[in-house]
Amino acid sequence: MAAELILDSMPRLLQGTWTTIQLTGLSVVIGFCLAIPLSVMRVSTLRSVWMPVYAFIFYFRGTPLLVQIFLIYYGSGQFQGFLSDIGLWSLFQSAWFCAVLSLTLNTAAYSAEIFRGGIQGVPFGEVEAARACGMSGALLYRRIILPKALRIAWPAYTNEVIFLLQASSLVSIITVMDITGVARVIAARSFAFYEIFITAAVFYLVLVYGVLFVFRRIEHRISAHLKVSP
Amino acid sequence: MLLKGARLTIYVGLSSMALAVFLGLIGALCKLSGSRIIRFLAGCYTTVVRGIPELVLILLVYYGVPTLIQDICALLGYELYISLNPFISGVATIGFIYGAFSTEVFRGAYMAVPKGQIEAARACGMPSVLTFRRITLPQMMRFALPGLGNVWMVLIKATALISVIQLPELMRNADIAARTTHKPFTFFFVASLIYLGITIGSNILQQWAENRANRGVRRA
């Protein structure tokens with residue numbers, strides 16, 4: 001009976017998997033694009049530049065993701081008037097948008113801190129050498145510091161992406177139908193709690209190993225000169 | 001009401017941390033054990049638990065375990081109804097998950113203890129249990145502190161998930177208050193500040209504990 005139920009719910013679970021992949025993928029991509037400039041600002045010596053970034057990172061790393069999701073999804077209701085004035089209210093009404101927004105901000109804060117570690121791990125001699133060659137500012141960052149920092153930070157960043165993939169299960173609480181969301185609905189209807197949740201757990205395990213595989217490949221590629229086996 | 005919730009959050013956090021440290025020590029010993037089967041089982045525990053989202057495990061334990069037990073009992077011909085206390089199942093799940101994380105922390109810490117120390121203890125005639133208690137464990141704790149601090153930080157934030165199974169901790173109370181007053185932003189924001197306060201407090205404590213544990217270490 002259990003096997004039948006799991007087979008029957010396969011299409012819905014696969015749809016949920018696709019939602020999870022979309023959510024995580026989108027948040028990782030946008031979060032990555034945000035994290036790079038944030039981490040550069042974080043290592044700035046100007047107080048007015050690094051302080052706000054530090055505050056942002058501190059807040060998002062110091063509070064649970066669930067609070068952040070609720071703050072954005074339910075909390076935005078308190079500013080309904082203002083948000084509809086600037087025409088953003090319809091966006092905040094959609095659970096999907098709020099889910100992506102909170103996951104993105106969360107991962108941006110965590111990865112900015114990881115990349116900061118990477119930037120600070122770049123040997124100073126390399127920066128000096130680049131300066132001696134006449135590189136400065138943006139060129140120095142683009143050609144020397146960021147590629148090197150990314151290589152240093154990549155293993156830690158892989159962990160962060162896996163955490164985000166797992167954290168994306170929280171969006172089921174605000175009614176987004178990801179793997180967990182679908183599993184909860186099916187479980188509530190069929191009372192087959194452990195069968196369905198174990199199936200969902202297996203789905204997540206497969207996704208985690210998929211992410212690990214892809215990220216090891218990228219690591220191998222960007223550190224090819226170091227001969228890291230994938 | 002929020003403060004009452006915060007107190008429960010800290011209770012849940014502390015009790016699941018105690019469980020996590022206990023499981024972590026056992027897990028680390030199993031991972032370092034000579035028997036291949038025990039090593040394999042411990043390896044399964046850490047990889048599987050770390051690969052599954054906390055929320056899924058919490059739901060699995062809270063809803064799944066009672067039905068599983070009922071089904072087994074029904075097979076054996078007994079008729080009974082079980083429901084788990086949200087506090088106990090929450091603590092058990094969170095402790096179980098972070099036990100896997102602290103296993104890795106303790107394993108790393110164990111390997112950081114110089115082998116010569118253990119050999120010296122053996123040479124003094126200490127049996128293995130005494131060696132572990134007197135030599136390895138105290139030094140391990142010193143190496144494990146930063147890692148355990150990290151586990152605690154993640155753990156205290158993960159306790160917010162227990163609100164899903166209706167335990168009236170900080171998050172749940174904030175949710176109730178937000179619903180009754182129609183001021184969700186205010187309450188969730190205050191709740192987030194309380195979490196931030198807990199984080200900052202534990203950061204300071206961790207710094208103090210590390211300084212104390214390392215007071216015998218000379219630094220260049």
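Biologist: Is the crossing of α5(B) and α6(B) left-handed or right-handed?

Modeller: The crossing of α5(B) and α6(B) is right-handed, a crossing being left-handed if the near helix is turned anticlockwise from the far one by less than a right angle, and right-handed if clockwise. This is a predicted model, in which local features need pLDDT of at least 70 and side-chain atom pairs count only at pLDDT 80 or more, whereas totals for chains, interfaces and linings use all residues. Residues are numbered from 1 along each chain as its sequence is written, and chains are lettered from A and ligands numbered from 1 in the order in which they are written.

Biologist: What makes α5(B) roughly antiparallel to α6(B)?

Modeller: The axes of α5 (residues 115-123) and α6 (residues 128-158) of chain B come within 10 Å and cross at roughly 160 degrees, the axes being lines fitted to C-alpha atoms, for helices over the stretch in contact, with angles from 0 to 180 degrees between N-to-C directions. Angles under 35 degrees count as roughly parallel, over 145 as roughly antiparallel, 65 to 115 as roughly perpendicular and the rest as oblique, and therefore α5(B) is roughly antiparallel to α6(B).

Biologist: Which residues make the contact?

Modeller: From α5(B) come B:Gln117, B:Ile118, B:Ala121 and B:Arg122, and from α6(B) come B:Thr131, B:Ile135, B:Thr136 and B:Gln139, contact requiring C-beta atoms, placed from the backbone, within 7 Å. By class, three are nonpolar, four polar and one charged, where Ala, Val, Leu, Ile, Met, Phe, Trp, Tyr, Cys and Pro count as nonpolar, Asp, Glu, Lys and Arg as charged, and the others, Gly among them, as polar.

Biologist: How many helices and strands does chain B have?

Modeller: Chain B has eight helices and zero strands, helices (H or I, at least four residues) and strands (E, at least two) being DSSP runs numbered from the N terminus.

Biologist: How do you know that the span of α10 of chain A is close to the expected one?

Modeller: Helix α10 (residues 193-222) has 30 residues and reaches 43 Å from its first C-alpha to its last, against 44 Å expected, the expectation being 1.5 Å times one less than its number of residues.

Biologist: Which elements do the buried residues of α10(A) pack against?

Modeller: Those residues, including A:Phe193, A:Tyr204 and A:Leu207, pack against α1, α8 and α9 of chain A together with α2 and α3 of chain B. A residue is buried if 20 or more other C-beta atoms lie within 10 Å of its own, exposed if 12 or fewer, and partly exposed in between, with C-beta atoms placed from the backbone.

Definitions and conventions
Contact = placed C-beta atoms within 7 Å.
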